[in-house]
Amino acid sequence: MSGSRSLSSGLRALQPEAFGADPSGERMARIRRSPYFKDGVFQNPGGPSRTRPSGSPLDFAKKYFDKDSRSRRAPKGTIPVHPTTLADLAEPPATGLRLTWTGHSSVLAEIDGQRVLFDPVWGERCSPFAFAGPKRLHPVPLPVAALGPVDVVVISHDHYDHLDLPTIKALAGTDTLFAVPLGVGAHLEHWGVPAERVRELDWHEATQVGGLTLTATPARHFCGRGLRNTQHTLWASWVVAGERHRIFHSGDTGYFEGFRDIGADYGPFDATMIQIGAYSDFWPDIHMTPDEGMRAHLDLQGGEPGGVMIPIHWGTFNLAPHAWAEPGAWTMDAAEKAGQAAAFPRPGEPFEPAGKLPVEPWWEAVSAPLDRPWRDAGGTARTGAAAQDDLDRAGGR
């Protein structure tokens with residue numbers, strides 16, 4: 001028995017530091033008390049979801065490694081990154097709310113005098129290894145240190161493209177707080193973040209940071225960083241509410257009816273940051289298509305257009321079989337179809353949702369031609385049942 005424990009300890013010592021740490025002790029006891037933890041794992045809203053690719057591995061490999069498909073999954077030229085400077089962020093936002101998407105799901109939100117950094121990933125790869133794994137398709141717009149002081153870092157879940165070891169280590173040396181779902185604090189403390197700077201929340205629990213209320217809300221996804229996926233860390237979307245403004249960050253999630261409840265309980269929102277990339281028919285339960293992302297935004301707003309929708313989780317890493325620019329282009333079409341305001345900033349481009357929105361399709365200059373299944377020959381977005389039929393035939397739902 002002791003030999004087995006020694007072997008186990010030795011194997012843990014050989015694991016990459018980026019694997020993090022499993023919850024234990026009182027943290028694990030708190031996880032077991034969660035109403036969303038059952039049969040040894042966290043449960044998704046809306047019932048069980050497929051967290052592994054459906055279909056045969058051969059079918060997936062054929063699609064993922066198809067020569068034409070591979071060429072479309074990367075830009076044809078240099079992605080136009082906005083060279084964010086301290087001057088861009090030095091003056092407070094005139095309207096009280098400014099957002100800066102730095103790529104993938106990373107967003108700096110300046111809201112009612114506070115600064116919130118969502119899912120910061122500044123690493124070169126979203127992987128436990130420096131030599132392998134999905135590599136950035138564009139440089140970070142500015143160094144982490146150039147962001148200036150951050151009041152709170154918000155993490156949606158512990159996957160590598162949302163919880164990045166080198167970025168967390170850089171932020172651990174500051175005095176920022178961290179708001180994370182249950183269990184994720186074990187990773188942060190393992191990497192040097194003091195326990196007193198970690199706020200660890202279950203769904204519908206809230207914490208105060210200055211004048212802001214941060215609430216962890218449900219999402220439909222999964223977790224895991226190591227060789228074993230124990231499902232012992234929670235995943236979440238997040239509501240951040242200040243005195244004048246409310247914003248929502250979806251994290252990673254499949255579409256589910258609970259967006260309506262989140263909107264009813266915490267909305268409506270001045271801006272939503274919605275995951276619309278890395279979708280596939282092979283994993284429809286855990287990521288949203290652009291059409292589903294727009295549907296989620298409308299649910300959050302009470303069923304009608306309102307606020308500003310910002311697409312996230314696209315453009316920076318190659319994580320799915322779809323074309324590189326497809327999420328941006330299809331979200332633009334979905335926004336036009338719904339009559340919904342949406343912003344499409346270049347990585348690093350600050351904007352205020354109540355001001356002039358960035359709406360130029362900047363990806364077109366560096367993208368291969370894209371399928372636009374719900375547009376007619378004249379370039380006009382088709383609407384209603386005809387548009388939905390086109391989406392279904394194209395695999396967009």
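Reader: Let's start at glycine 113: is this residue buried or exposed?

Author: Buried means under 20% relative accessible area, exposed over 50%, and partly exposed in between, with a 1.4 Å probe and protein chains only. Glycine 113 has 71% relative accessibility, so it counts as exposed. You'll find glycine 113 in the loop between β4 (106-111) and β5 (114-118). Its C-alpha atom is separated by 8.2 Å from that of glycine 211, 98 residues apart along the chain.

Reader: Before we go on, what are the ground rules?

Author: This is a predicted model, where local features need pLDDT of at least 70 and side-chain atom pairs count only at pLDDT 80 or more, while totals for chains, interfaces and linings use all residues. Residues are numbered from 1 along each chain as its sequence is written, and side-chain values use heavy atoms, leaving out hydrogens and water.

Reader: How many helices and strands does the protein have?

Author: Helices (H or I, at least four residues) and strands (E, at least two) are DSSP runs, numbered from the N terminus. Here there are 11 helices and 15 strands. Of the 397 residues, 55% are buried.

Reader: In what order do the 7 strands of the open sheet come?

Author: Strands of a sheet pair through backbone hydrogen bonds, either parallel or antiparallel. Two strands pair here if DSSP finds at least two bridges between them. The order is β8-β7-β6-β5-β4-β3-β15, with mixed pairing. β8 (198-201) and β15 (350-351) are at the edges with a single partner strand each, so one side of each has no neighbour in the sheet. Within that sheet, β6 (residues 152-154) and β7 (residues 177-181) run parallel, joined by 3 bridges.

Reader: Which way do the residues of β14 point?

Author: Val308, Ile310 and Ile312 go one way, Met309 and Pro311 the other, and all are buried.

Reader: Which residues of helix α2 are buried?

Author: An α-helix has 3.6 residues a turn, so residues three or four places apart point the same way. In α2 (residues 25-33), the buried ones are Arg27, Met28 and Ile31. They span an arc of only 95° around the axis, taken from the directions from the helix axis to the C-beta atoms, which puts them on the same side of α2. Gly25, Glu26, Arg32 and Arg33 are exposed on the face turned away from that side. Cover for the buried residues includes β1 (37-38), β2 (41-42), α7 (185-190) and β8.

Reader: What does serine 367 contact beyond its neighbours within four places in sequence?

Author: Contact means heavy atoms within 4.5 Å. By that rule, serine 367 touches Lys76, Trp324 and Ala325. Serine 367 lies in the loop between β15 and α11 (384-394), yet it is buried, at 18% relative accessible area.
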